[in-house]
Amino acid sequence: MSRPERGRVDVGVGVVVVGGGVAGATAALAISRHGLPVTLIDEQPQAGGQIYRAPTPYARRHVPPNHEFSGGDRLRALLAASSVRTRFSTRVWGAWGASPGMELDLLGPDGIDRIGARALVVANGATERFLPFPGWTDPRVIGLAGASILMRNGGTLPGRRVVVAGAGPLLFSVAHQVMELGGRVVAVIDSGRRGDWLRLAATLAWDPARLRLAAQWMTRLRLAGIPIHHQARIAAIHPAEDGLSITIAGTIAGTVAGTARQGPAVRHYGADAVACGHGLKPATLLTRTLGARHRFDAAGGYWEPETDPSGRTSRTGLYATGDAAGIRGAAVARLRGLITGHAVALDQGAIAERDFASLTRRPRMLLRRQEHVSRRMLPLLNASASLSRDIADDAIVCRCERVEAAALRAAVAAGARDLNQLKAWTRCGMGPCQGRMCEDGARGLLAASCGLPPEEAGSFTPRMPFFPLPLAALTGTFAYSDIPLPKAAPL
């Protein structure tokens with residue numbers, strides 16, 4: 001794609017931070033305190049990211065007060081009192097590696113423009129991961145993170161009866177939120193093993209706050225007698241007269257009211273909605289487009305930018321922090337953002353090395369402790385290897401282009417050996433989402449079919465624009481009479 005000429009370039013900006021969640025906002029605040037001009041860009045109307053997203057007035061009245069509301073309010077108050085320049089409701093749709101800085105193409109309330117930066121901090125968080133099964137495209141199936149946003153920030157249940165399924169701690173958080181708003185959790189379907197959760201509980205002794213929260217969730221689920229099935233997965237979802245019919249397959253070893261038991265290999269549940277997700281992965285479109293080196297984290301099952309302990313990538317002036325540098329959760333994201341903010345100030349000459357060492361000594365110590373716990377959670381978030389082998393042939397893998405697993409397996413049988421080859425042959429990943437929804441399922445299927453490690457399957461090449469652009473934003477307002485017409489060619 002050629003560089004667009006429409007729009008202005010804001011060249012007066014020193015540092016740009018993309019992402020207004022806890023990591024990005026913390027980094028921007030730290031940079032501004034060192035006297036550097038900094039602009040914070042986020043696609044939401046207010047700062048907060050996914051965890052501290054600003055709730056609606058309805059949610060303020062109906063959702064019980066929680067640390068996410070109070071933490072987000074504090075973050076937004078600090079930003080409002082700072083010198084950070086904010087650009088909300090603005091999306092980054094392209095990036096250019098102009099030397100010595102970088103330029104971003106933006107779409108905001110005033111249309112399209114471009115911003116230049118001599119230092120760029122990417123803190124745009126994570127993307128939810130989905131592994132397909134027949135019926136997952138039904139509109140009554142929502143992601144775990146999406147369900148959490150709907151309930152926490154909108155005060156609205158995804159359904160009165162909800163099956164919660166997938167991988168990772170968000171399973172139990174979402175189940176707790178459904179009950180908190182008066183809904184019924186029909187069952188929790190966990191792809192992980194019960195023993196892994198017990199081992200994690202021992203590790204959480206290093207993080208008492210998270211341990212207390214996890215204990216509260218599990219106690220409430222057990223007292224309610226909600227079935228919790230481990231090493232299990234949704235095999236298929238079908239419409240039913242009273243909602244959805246959900247087929248569960250796998251070991252179905254689980255607990256009911258805290259008592260271990262073995263169930264049948266296949267089980268059926270009825271529900272109004274399903275909240276399902278298979279962990280998170282860093283949002284890497286920006287860092288990949290700008291040429292930073294990436295590595296495959298086998299524990300998390302995702303690609304992440306290579307960074308040093310301060311968030312510096314392989315490209316000078318480009319930083320990645322928070323969950324954009326690897327999934328670790330909100331507590332780690334805040335510490336990472338703080339350290340990265342000080343590192344930017346050091347690299348821009350605003351502070352000396354000794355000041356940087358002093359400012360980051362305690363955050364680094366706390367980060368090491370939190371990282372120990374967060375790393376142990378990663379395998380519980382990563383169910384891609386085991387579930388990808390079981391993707392049914394008639395399951396749609398690519399929602400945008402309606403590509404089924406059978407078509408991908410046929411391409412593999414014909415010789416496709418990496419994701420971009422699979423993309424070229426089947427159109428999987430060519431839709432508006434740029435493969436954000438289908439890449440993990442396609443990678444797992446390719447790796448399982450060929451017996452390859454997932455990293456050898458690669459990742460989809462990012463393309464601009466990162467998301468569909470409205471035609472009016474590109475063309476602006478014009479009258480057809482104003483369009484210059486070339487002279488006709490001579491006869």
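Mentor: I start with a helix pair: the crossing of α1 and α3 is left-handed, the near helix being turned anticlockwise from the far one by less than a right angle (clockwise would be right-handed). Before going on, note that this is a predicted model, in which local features need pLDDT of at least 70 and side-chain atom pairs count only at pLDDT 80 or more, while totals for chains, interfaces and linings use all residues. Residues are numbered from 1 along each chain as its sequence is written, and side-chain values use heavy atoms, leaving out hydrogens and water. Helices (H or I, at least four residues) and strands (E, at least two) are DSSP runs, numbered from the N terminus.

Helix α1 covers residues 22-33 and helix α3 residues 67-80; they pack at an angle of about 30°, and their axes are 10 Å apart. That makes α1 roughly parallel to α3. In these terms, angles under 35 degrees are roughly parallel, over 145 roughly antiparallel, 65 to 115 roughly perpendicular, and the rest oblique. The axes are lines fitted to C-alpha atoms, for helices over the stretch in contact, with angles from 0 to 180 degrees between N-to-C directions. On the α1 side, V22, A25, T26 and L29 meet L75, L78 and L79 of α3, where contact means heavy atoms within 4.5 Å. By class, this contact has 6 nonpolar residues, 1 polar and no charged ones. Ala, Val, Leu, Ile, Met, Phe, Trp, Tyr, Cys and Pro count as nonpolar, Asp, Glu, Lys and Arg as charged, and the others, Gly among them, as polar.

Helix α1 also lies across strands of a sheet, namely β2 (15-18), β3 and β8 (119-122), and runs at about 170° to β3. That sheet is open and has 5 strands in the order β4-β3-β2-β8-β21, with parallel pairing. Its edge strands are β4 (85-87) and β21 (318-320), each of which pairs on one side only. On average, neighbouring strands in the sheet are turned by 20° against each other, direction ignored. Strands pair if DSSP finds at least two bridges between them. By that count, β3 (residues 38-41) and β4 pair in the parallel sense over 3 bridges, with T39 having R85 of β4 as its bridge partner. On the other pairing, β2 and β3 are joined in the parallel sense over 4 bridges, and V18 stands opposite I41 in β3.

In a regular strand the side chains alternate between the two faces of the sheet. Strand β2 is covered on both faces: V15 and V17 are buried on one side, V16 and V18 on the other. Buried means under 20% relative accessible area, exposed over 50% and partly exposed in between, using a 1.4 Å probe and protein chains only. A further helix, α9 (residues 330-347), lies across β2, β8 and β21 and runs at about 165° to β21.

Strand β6 (residues 102-108) is another covered strand, with 7 of its 7 residues buried. M102, L104, L106 and G108 lie on one side, and E103, D105 and L107 on the other. Strand β5 (residues 91-96) pairs with β6 in the antiparallel sense over 5 bridges; here A95 has L104 as its bridge partner. Strand β7 (residues 111-117) runs antiparallel to β6 and is joined to it by 7 bridges. L107 stands opposite I112 in β7, and β6 and β7 form a hairpin with 2 residues between them.

The axes of α5 (residues 170-180) and α7 (residues 208-223) come within 10 Å and cross at roughly 60°. Helices α5 and α7 are therefore oblique to each other. Their crossing is left-handed. F172, S173, A175, H176, M179 and E180 of α5 make the contact with W217, M218, R220 and L221 of α7. Those residues divide into 6 nonpolar, 2 polar and 2 charged.

Just after α4, G155 takes a positive phi of about 70°. P158 is in the loop between α4 and β11 (161-167), and at 23% relative accessibility P158 counts as partly exposed. Not counting residues up to four places away in sequence, P158 touches I142, L150, M151 and A273. P158 and A273 are 115 residues apart in sequence, with their C-alpha atoms 6.3 Å apart in space.
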